[in-house]
Protein chains: 2
Amino acid sequence: MYAERIKELKSSAIRDILKLTARPGMISLAGGLPAPEMFPLDALQTATAQVLSRYGSTALQYSITEGLIPLREKILKNLNGNAAHHTIDNVMITQGSQQALELLAKLFIDKGTLVFTENPSYLGALQAFRLFQARIAAIPSDEDGIRTDALREALRRQKPAFLYIMTNFQNPTGVSLSLDRRHELLEIAKEHELLIIEDDPYGELVFEGEKLPSLYSLGRGGNVVYLSTFSKTIAPGLRVAFAAASSEIIGKLTMAKQGTDLQTNTLGQYIVNEYLESGRHQEHIDLIRRTYGARRDCMLAALKKHLPGSTTWNRPRGGMFLWLAFPPGTDSKDLLLRCIEHNVAFVPGQEFFPDGSGAHTARLNFSNASLENIEEGIRRIGAVLRDTAGHAEEQPEMLL
Amino acid sequence: MYAERIKELKSSAIRDILKLTARPGMISLAGGLPAPEMFPLDALQTATAQVLSRYGSTALQYSITEGLIPLREKILKNLNGNAAHHTIDNVMITQGSQQALELLAKLFIDKGTLVFTENPSYLGALQAFRLFQARIAAIPSDEDGIRTDALREALRRQKPAFLYIMTNFQNPTGVSLSLDRRHELLEIAKEHELLIIEDDPYGELVFEGEKLPSLYSLGRGGNVVYLSTFSKTIAPGLRVAFAAASSEIIGKLTMAKQGTDLQTNTLGQYIVNEYLESGRHQEHIDLIRRTYGARRDCMLAALKKHLPGSTTWNRPRGGMFLWLAFPPGTDSKDLLLRCIEHNVAFVPGQEFFPDGSGAHTARLNFSNASLENIEEGIRRIGAVLRDTAGHAEEQPEMLL
């Protein structure tokens, strides 16, 4: 009855577990949500009222599949720092970045098509590619992002339809691709005519150090499809994101989007456009940076204070996530179940790894919890960990 | 480089021609747009302001893939007349009905999967099914909708994944499926375990006679996926539509939507929900009915007055479209090019026919033009037709 792809589609084990986290008293460090108290609510109320009084029914009518022209012009101008040769034909609006991933899958993936990702990689991208029955090969990453030596090695054996990569503050690890690697990656892409999908939802959320140039701008657009979104800097419920690429690829994405949902919601596009015109966007991003930066610092301090030395973690320069490695042999899913009993949740890392590794890893979100809850949540995880370690030591004795 | 499905994806010839219709002075009877002056703008402004002040950031945050629960409850209540055994697990919100078609294609179509449609059928559905490389077999229709005798005949030879059908005021023909045929179709579906996708965007826009019960309600949900939308009765730019089906199918659609765009825009869902709560929806639908009804009557009168007797058309009881047959041998695409020179446009019918027939047919839209423009537009088409006929009669003489 169902198509083949649906037989492979299964509800995520993580999602099923995390349904348990809705109960009161739960501190969730699991979600991937931006903090709702950081949405520019007043400015969006003003923008919305202005849109409806100024544009009236036009902001509620069908509009073109490519997206609102003034909004695409603003996006282009922002990209233009290093891609001045581009026009609005290089930009289209999508229904969140997830839709861009879906449309790219539609464009490039037949059943069995090989694609490369990082290891670990973003779950939503893996989902979209798997829906189109891709074969996914994951390239190892380290603290500087994808390992270009491993990529070269993999390309010697086989060529994928594209490489999917998050260059800034990756979901799940929070890791960014170093500048050297960005240059090297573009060299490799040129040599091998490798198409790169650069997904950059968190790039603006940098807390320290400088914002690194995108692959798209460094490569002047060639071989790179760039994705970003207003979900993390304005509000996700508007579902306004964008893709930038060659006009040929944007043209094909537009035809695919026509048959997919006709267009992104008109009102959301008008609201984002009006809000950007208010000129308060950069100031608001700075506020988010300071707030999320303080939350990250709080989490780092709490980890140091409450977690046993056998657990390690990284220190992302921005974004919304931090990456944890429990002692090898730990099963993060089991640990999560115990943590949920103590009213704290995180996301186990394994499902992010296309190769099935990473059973002892976890993703922690610091953007959507108060400083108090971050501290208390980490304290609880620490307590569960020590408790578990205690049991683990006791058990062999009991069994002997 | 591209996936196989993309090689088959081509820009519609109609769309390319209709790009010429943007110039000033053009009377377009071609579009499929609801009249923007009929959007309940004041009520939507009020609803939007209320949503943002009452729900604040919640209306701008990520929300669940299935869609806003109070909105699904309202939809269910409206469907419930004949399907009281259903719960909100039988309803999901989609990003316009086009997305529902895309998700259903994802669910049921592998490369080469056979699907049945009416002949002619809705272009957006054909696009969505073709993107998933369906084989489309079209069942003949007449003035009472799909011919159930022909459907029986076709089912004797082969079984499709589903039958896609618009039961009310079909796009493009404006034809509705008669009540007898509805019952017979459900009998056939039961006998053959045939899944029916019932697409009903225009069902509320009935000008005369009674509103017929949906297949979904007549069949108490069994074997039927029901699609409808708020695009034609509230505003399309909000992109809020819905699917109703068995909880099993809705569950699978939800998983597919998760990887497709995460969720429909939150703000649009809240606005539609708030607007429906105002209790003014039915009154507004009645206003649309009267307005569109008057525009249909105006078009019928103009057709009678201005078009040569060799051209025939139907008289839809509702919806947005009317169907025209020029004399056999006429090429509607050629005629459209001549009409565009005289600043009037319609949609040639051929692309709506999966079997490639219908070269002499055309779709006329009466919902989105003033009475003056409808009269003048039809007058111009009549003039071009007579002019063309004159040429056609002259030519043989000249050639002799």
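I began with the two copies: chain A can be laid on chain B with an RMSD of 0.0 Å, by a turn of 180 degrees and a shift of 0.0 Å along the axis (least-squares superposition on C-alpha atoms of residues with pLDDT of at least 70 in both). The copies are thus related as by a two-fold rotation axis. I note that this is a predicted model, where local features need pLDDT of at least 70 and side-chain atom pairs pLDDT 80 or more, while totals for chains, interfaces and linings use all residues. Residues are numbered from 1 along each chain, chains are lettered from A, and side-chain values use heavy atoms, without hydrogens and water.

I looked up aromatic pairs next (ring centres within 6.5 Å; planes under 30 degrees apart are stacked, over 60 edge-to-face, the rest tilted; Trp by its six-membered ring). Trp323(A) and Phe353(A) make a tilted pair, 6.0 Å centre to centre with 40 degrees between the planes. Trp323(A) is buried at 13% relative accessible area, and Phe353(A) is buried at 11% (buried is under 20%, with a 1.4 Å probe and protein chains only).

I then checked Phe108(B) and Phe162(B): the centres are 6.3 Å apart and the planes at 70 degrees, so the pair is edge-to-face. Both residues are buried.

Last, I looked for charges over rings (NZ of Lys or CZ of Arg within 6 Å of the ring centre and within 35 degrees of the ring normal). Lys252(B) lies over the face of Tyr2(A), 5.2 Å from the ring centre. For Lys252(A) over Tyr2(B), I noted 5.2 Å.

Note on methods
Buried means under 20% relative accessible area, exposed over 50%, partly exposed in between (1.4 Å probe, protein chains only).
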